[in-house]
Structures are given as C-alpha cells and as structure tokens.
Amino acid sequence: MEEFDFLVIGSGSGLDVANVAVNQGQSVAIVEKGPLGGTCLNRGCIPSKLLLYHADVMETIERAEEFNIDVTVDNVDFAEIVSEVNEEVQADSASIREGLESSSKHELYDGEARFVDERTVEVSGGEDDGARIRAETVLIAAGSRPAIPDIGGLDDVGYLTSTDALQLEQPPDRLVIVGGGYIAAELAQFFGTFGSEVTIIGRRPTLLPEADQEVADAFTDRYSDRFTVHTGHTATAVSERDGELVVEAKPYKYGDDGGVVEEADGVTVTGDELLVAAGRTPNSDTLNLDATRVETDNSGFIQTDEYLRTDADGIWALGDIIGEYLLKHNANHEARTVIRNLFSDELSAVDYSAMPFAVFASPEVAGVGALEQELQAEGRDYATNTYRYEETARGDAMKADGFVKVLIDLDGEILGCHVVGPEASTLIQEVVVAMKAGSGTVRDIRDAVHIHPALPEVVQRAFSGQFSRGGADHQH
C-alpha cells in the first residue's frame, strides 16, 4: 500500500488544492477514473459553451435582417463544429494528464476510488485496478453525473444525457427534452438554433425554476415562442413506435410536501431523439462511504461543516458532490477555502453570500443574491426596481429585449440582482463586485461613472431609478 500526505479523489477543482499541497512539500496522489479536468472541462461548461457560441453566431446572422442587412447561410458543417470542440477539450484534458504524469511530485492513479477505511482507498477498474492508497488528508471532489428519473419504459429506449448530446454529429430533426433547468435551456438553444424542432417537458410551472420568478416568467414566454413548451408536466412513460420516440406526460402539481402527478389528461409528444436533462446526482454512491464516517443527506450529497470538513477526521469535500451550488466557479471558490483552511493557521468559513449564476441560452439569464419570491416567503421588507434594455441607447441600438431587476433592503443594501437579456452573464459581474468588495449598497453602482452609451448603463439605471416597496404588507 502506498502512503501519501494528501489524496484527492477527482481531477476538477480538487487539483487546485493538490497543486498547493505539492508546493507545500507534501506528497500527493490523485485518483481519477475518466478524462482529466473534471465535469466542467469534459462534459459540462467548457464544451457546452464552446458549442453555444456557434449558436450565438448563427443567431446573430439570422437577426441581420432586423438591421436591414440581407445575408444567407449557405452551409453549416455541424459535424465539424462538434469535432473541433471535442478535439479542443480532449487536448486540454491530455495536457493536464501530461503535466501530472511528468511531475515527480504528483502520483496519478487511473480508476475509481472506493474507501476501505478512514483515509484508505482502493482503486477499482482502470490501469491501476487493485492499488491501495492511504493519506493523512483526503479531499473528495468526485463531482456529479446526469440524474435519470424513474420514467416507465425509459430503460427500453435509447435516450441521451447532456454528456451524449455534446457528441451528436448532426442535430436531430425533432428533439424532446425532459427537464426545465439550465441544462435543458442551453441545449434547446443549441440544437434549436441549428434546426431541431424542440419540445420541452418540465415539472415546474416555469422554465429555470431556480431563477427569480419575474425572470423565469419572461424566459419561459420567450422559449414558448420558439419551441413547444409543456411546463407543469412530468414525463410518465416513454416508448418507441414506428421508428420514433413517444413521450407521455401528465400534469404535475407542486405543494408544500413535494409534487404529485395529477390524473388529468396529459400530453403525448413524439421525436427522433430524447434528451434527459433532469438535474444532476452526486457520485458519492461510487465511493463506499459506509467504510467511513462521512455522512450524506437524503439526496446523496456529502455533508460538510462551514469549513468544508466532513464528519470524518482528515476528510474534506468540495464541488458538485456537496451540492451547495453545482457551478464550476463555486467549486473553484470552495477549493480556495479548503486551501486556506488546510495551509494556514486559522479556519475560515466558506462564503456563499454573493454566488452568481448564468444560463447561456437565448435570452441569456444571470443572477446573484436573493430572489423576490424568497423575500416574500420570509415576510421581509424590501424595495425593487426594474429597467429595460431598450430604454438605454446601446440596448436600443441592439434591439435588445430584456431587463435588469434589483432587490434592496430599506437601507439600500443590495439583496439581489437578476438579469434577462444579452450579455447578462457579463452585466451581473458589476453587482457581484459591489456586493463582495464594495459597501454592498446601491451607492456602489449609482456613484460609479458608467461609459455612455455602453450596455452597463442598464445596470446603473436599474440601481438609480425609483424603487417600489415590497414585502409582507406592501403591493408593488
């Protein structure tokens, strides 16, 4: 059995911690069963956003007529687009592997890690099958995978996950998507822009149910104009008939104790491909955690304290597998927290107070902080203001459709900001910086000079306009 100072399970953001451990003079082992770089590089944000940018270019061309520019697209080499993106991802992953294998301070084990006891793992499968590793400190950063819901007949038909969809060499003529979150939204944008007839089935009353309600409503309306959208429905059965996939969906009602499938008449949709994009599930079930004192919640996410320590001495966890925010920038943020806590004299709690998110669909969506529906549920007093893109010079020039929504407390502290429209993921960053590095109040944005006539003026004006009071005792 090999012994090390530090062991990381997974090769995504956990590698950031491993590299610091090496710089601290520690011996480091990494166990990874798949391509190096983790979910983001190989199966998530990097390939999907590389592909989506092609859709952005295509959409810009298609909108040219709105600006009195007559253009035509003679050909789209879809297979080459996908091949080029995957080659770039594979090259990046191979570069990480080459760096680790050439390092005398990292030891890379190929296979799946399974705990034998506290801080001892056995490698299963892969080139290092059967190897045993023990370390003084273990970091679990093994990520997540697509969740597969219990739908009758699903195992009997061919279906795609988000991982599979990123490999398709041709857009399907008719694509049915089960799921209404950000993965479903982004892949609908990609395939829909390149000619697929898209149908989306989502359980919640709107798409992007984790977004602010007003933003989710606007996004759902826009998608309903582009695609066939069945919100408030859940897929109950899937079958194959005459060479096509048939998906049956029933109305679904959410309540305080969860959701129930209603007996009312549902809908039946058909397609050539079925994409299941119903969320993510943690890879904790692959680790044999029963051999440790590491605890998980009812959904399988590893439980940690505010310092990212598990219940087992010397075992830490970060990223998707702990389920706080399933976002790469959050995993990187958690990695920085673990680094501070492992290699400094004082512990510091991980700070999620201004964790932004973005959905790279069309329209783009981004947000940070509290949602208005959360403030209402808590009975908090707040004030809100909304400003539309087209009311700025740049937004008008772009013929942009969207808005920035601001939520503040009655003393001017920023509680949240939500954007739907072009470059939302960029516009939200100003607010994140104000919440984290500034005073955290509207003054940070109101008092900053904004370039005219640049698009960030829509953020400035949302923070500078007349706010309406909301809360338990107010209508707005």
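What follows is a short chat about a predicted model.

Biologist: I'm new to this one. What kind of model is it?

Modeller: It is a predicted model.

Biologist: Let's begin on the surface. Which residues form the nonpolar patch?

Modeller: The patch is made of Y53, V57, I61, F67, I69, V71, V73 and V76. Together they have about 640 Å² of accessible area.

Biologist: Where is V57 placed?

Modeller: V57 sits in helix α3, which covers residues 45-62.

Biologist: And why does V57 count as partly exposed?

Modeller: Because its relative accessibility is 39%. Buried would need under 20%, and exposed would need over 50%.

Biologist: Now pockets. What volume does the second largest pocket have?

Modeller: The volume of the second largest pocket is about 890 Å³.

Biologist: How many residues line it, and which lie nearest its centre?

Modeller: The second largest pocket has 28 lining residues. Nearest its centre are E59, T60, R63, S362 and P422.

Biologist: Which elements give two or more residues to that lining?

Modeller: Those elements are α3, α7 (213-226) and α11 (424-437).

Biologist: Which one gives the largest share?

Modeller: Helix α3 does, with 7 residues.

Biologist: What's the lining like by class?

Modeller: It has 12 nonpolar residues, 11 charged ones and 5 polar ones.

Biologist: Back to S362. What is the peptide bond from S362 to P363 like, cis or trans?

Modeller: That bond is cis, with omega near 10°. P363 is in the loop between β18 (357-359) and β19 (365-369).

Biologist: What about the bond that joins H452 and P453?

Modeller: That one is cis as well, with omega about 5°. P453 lies in the loop between α12 (443-446) and α13 (457-464).

Biologist: Why point these out?

Modeller: Because most peptide bonds are trans. Most residues other than glycine also have a negative phi.

Biologist: What is phi for N68, then?

Modeller: Phi of N68 is near 60°, a positive value, and N68 is not glycine. You'll find N68 in the loop between α3 and α4 (78-101).

Biologist: Is N68 buried or exposed?

Modeller: N68 is exposed, at 74% relative accessible area.

Biologist: And what is phi for L308?

Modeller: Phi of L308 is also positive, near 75°. L308 lies in the loop between β16 (280-282) and β17 (315-317).

Biologist: Buried or exposed, for L308?

Modeller: L308 counts as buried, because its relative accessibility is 1%.

Biologist: New topic. How many salt bridges are there?

Modeller: The count comes to 19. One of them pairs the side chains of R97 and E101, at 3.3 Å from N to O.

Biologist: Where do R97 and E101 lie?

Modeller: Both are in helix α4. They are 4 residues apart, about one turn of the helix. R97 is partly exposed at 27% relative accessibility, whereas E101 is exposed at 53%.

Biologist: What about R309 and D305?

Modeller: Their side chains meet in a salt bridge too, at 2.8 Å from N to O. R309 is partly exposed, with 32% relative accessible area. D305 is partly exposed, with 23%.

Biologist: And D381 with R469?

Modeller: Those side chains form a salt bridge at 4.0 Å, N to O. D381 is in the loop between α9 (372-378) and β20 (382-388), and R469 is in strand β23 (residues 468-470), so the pair ties together parts that are 88 residues apart in sequence. D381 is partly exposed at 34%, and R469 is partly exposed at 41%.

Biologist: Which residues do shared partners join into one network?

Modeller: Salt bridges with shared partners join D212, E214, E372 and K405.

Biologist: Last stop, A94. Where does A94 lie?

Modeller: A94 is in helix α4, which also holds R97 and E101. A94 is partly exposed, with 44% relative accessible area.

Biologist: How far apart are A94 and L36?

Modeller: They are 58 residues apart in sequence. In space they are 7.2 Å apart, C-alpha to C-alpha.

How values were computed
Residues numbered from 1 in each chain as written. Predicted model: local features only at pLDDT ≥ 70, side-chain atom pairs only at ≥ 80, totals over all residues. Heavy atoms only, no water. Patch = residues over 30% accessible without salt bridge, like charges linked within 9 Å, V, L, I, M, F, W, Y side chains within 5 Å. Areas by Shrake-Rupley, 256 points an atom, 1.4 Å probe, with all protein chains shown as cover. Buried < 20%, exposed > 50% of the residue type's maximum accessible area, 1.4 Å probe, protein only. 1 Å grid on protein atoms, 1.4 Å probe; cavity = no way out; pocket = protein on both sides within 12 Å on 5 of 7 lines; lining within 4 Å. Points joined across faces, edges and corners; volume = space filled by probe spheres on them. Nonpolar A, V, L, I, M, F, W, Y, C, P; charged D, E, K, R; others polar.
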